[in-house]
Amino acid sequence: MEILGVDDFAFRKGRHYGTVLIDMATHRPLHLYDGRDGEDLAAWLRDHPEVTVICRDRSSGYGEGAPVGAPRAEQVADRYHLWANLGQAVEKTVNAHRSRLAEPPPARAGSHDAPAAEPEVVQPPKELKIVARLREQHAAAHELWEQGMSKAAIGRKLGLHQATVRKLVSARSADDVVAKSLQRAHIVDPYVGHLHRRWSEGIRNAAQLYREIQELGYPGGELAVQRHLRRYRTGRGHTPDPGPKPASVREVTSWIMTHPEHLRDEDADKLHRLRERDPELDRLTLHVRKFAAMMTGRHGDRLEDWITDVERDSLAPLAGFARNLRRDFDAVRNGLSLPHSSGAVEGNINRLKMLKRQMFGRASLDLLCKRVLLTR
């Protein structure tokens, strides 16, 4: 065995992890142990000096233990995790620019000469209850955090799960928390243009409008249509044209992370217009495409220049990703240069999770280890 694959897996709830070691030549698991401690990995490697290549993720424990146990072995960072981590940085960057994702409404002919024919809505629609609640929770959590209260204590006081408290405390503003709620697609959204046009023509019966969009393919119920039309009734019988719905953060992230030749023409046009409107998202797209070319072409020698360019830019989440690459630079460069892949490790992780579910989480790690190693 010359090439070893290393990865972690969730063993129990509460972020309890184990580690699995894979022979990359035979794709068979060799060993399982509790935790992600580098000392355990180093001890196992000392007993197996034949290992010359170690394919792993960039966990700090593995990064510290692998060089100690096998100082002569090449460390290779997994490309899948590198691309996934880059995608997370891209999504955070796009999320910070979400207010710029909407395209400007088309100018109406003669609008500078004649007054608008339709009055604006007198009362703006009320903020969604979930958004208002998240804003209140964010303010309360930050107030208690500034008072020195721990996250666990904040969760108990506010009646929130610890994961929710971490999300609230980590968010710089309430807008960062509510972004995903605001981006959620509604089932009526594809038919808003038809509803607006018919409403402006004087058709105010919700049942009739429901039947009309049902013929257009609307799959939902009448109640959702009634709720949408309620915002029109808050004015004087008219509502301004809502215009096209802006792309979601996840959609834009997907466009940026997809090879240009694999994008649909419609999505490619939207991304092109977005890059013209927002220079920062334009630079973000260029950085991502350079990284993709470096990864697929095995040009690890370009990594230093790529990191330097990103650190000089003003895209904070992407710069954070680049700085983290420096902490494990040699392994990342090898991952972008050598043909080794951790695909066999991921396949074994999926099989391991299946065996774990079969035991309903009631058995110990020792039994799981025997099932993994003996049932090949």
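**Cores, a strand pair and one asparagine**

Author: This is a predicted model. Its largest nonpolar core has 36 residues. Those with the most contacts inside it are Leu86, Val94, Leu284, Phe291, Trp306 and Leu325.

Reader: Which elements give two or more residues to this core?

Author: They are helices H3, H11, H12, H13, H14, H15 and H16. H13 gives the most, with six residues.

Reader: And what does leucine 325 touch?

Author: Leaving out residues up to four places away in sequence, Leu325 touches Arg58, Leu82, Phe291, Leu303, Trp306, Ile307 and Val332.

Reader: How many residues are in the other core?

Author: That core has 17 residues and lies apart from the 36-residue one. Among its members are Phe9, Ala344, Leu368 and Leu373.

Reader: New topic. Which residues cover the two faces of strand E4?

Author: Val53 and Cys55 are on one side, Ile54 and Arg56 on the other. All four are buried.

Reader: How many bridges join E4 to E5?

Author: Four, and the two strands run parallel. Ile54 has Gln75 as its bridge partner in E5.

Reader: Where does the chain go between E4 and E5?

Author: From E4 it passes through helix H2, residues 60-69, to E5. This β-α-β crossover is right-handed.

Reader: Last one. Why does asparagine 348 count as buried?

Author: Because its relative accessible area is 11%, and buried means under 20%. Asn348 lies in helix H17, residues 343-358.

Reader: What does asparagine 348 touch?

Author: Ile22, His27 and Pro29, not counting residues up to four places away in sequence.

Notes
Residues numbered from 1 in each chain as written. Predicted model: local features only at pLDDT ≥ 70, side-chain atom pairs only at ≥ 80, totals over all residues. Heavy atoms only, no water. Buried < 20%, exposed > 50% of the residue type's maximum accessible area, 1.4 Å probe, protein only. Contact = heavy atoms within 4.5 Å. Core = buried A, V, L, I, M, F, W, Y, C linked by side-chain atoms within 4.5 Å. Pairing = 2+ DSSP bridges. Right-handed = clockwise from strand over helix to strand, strands pointing away.
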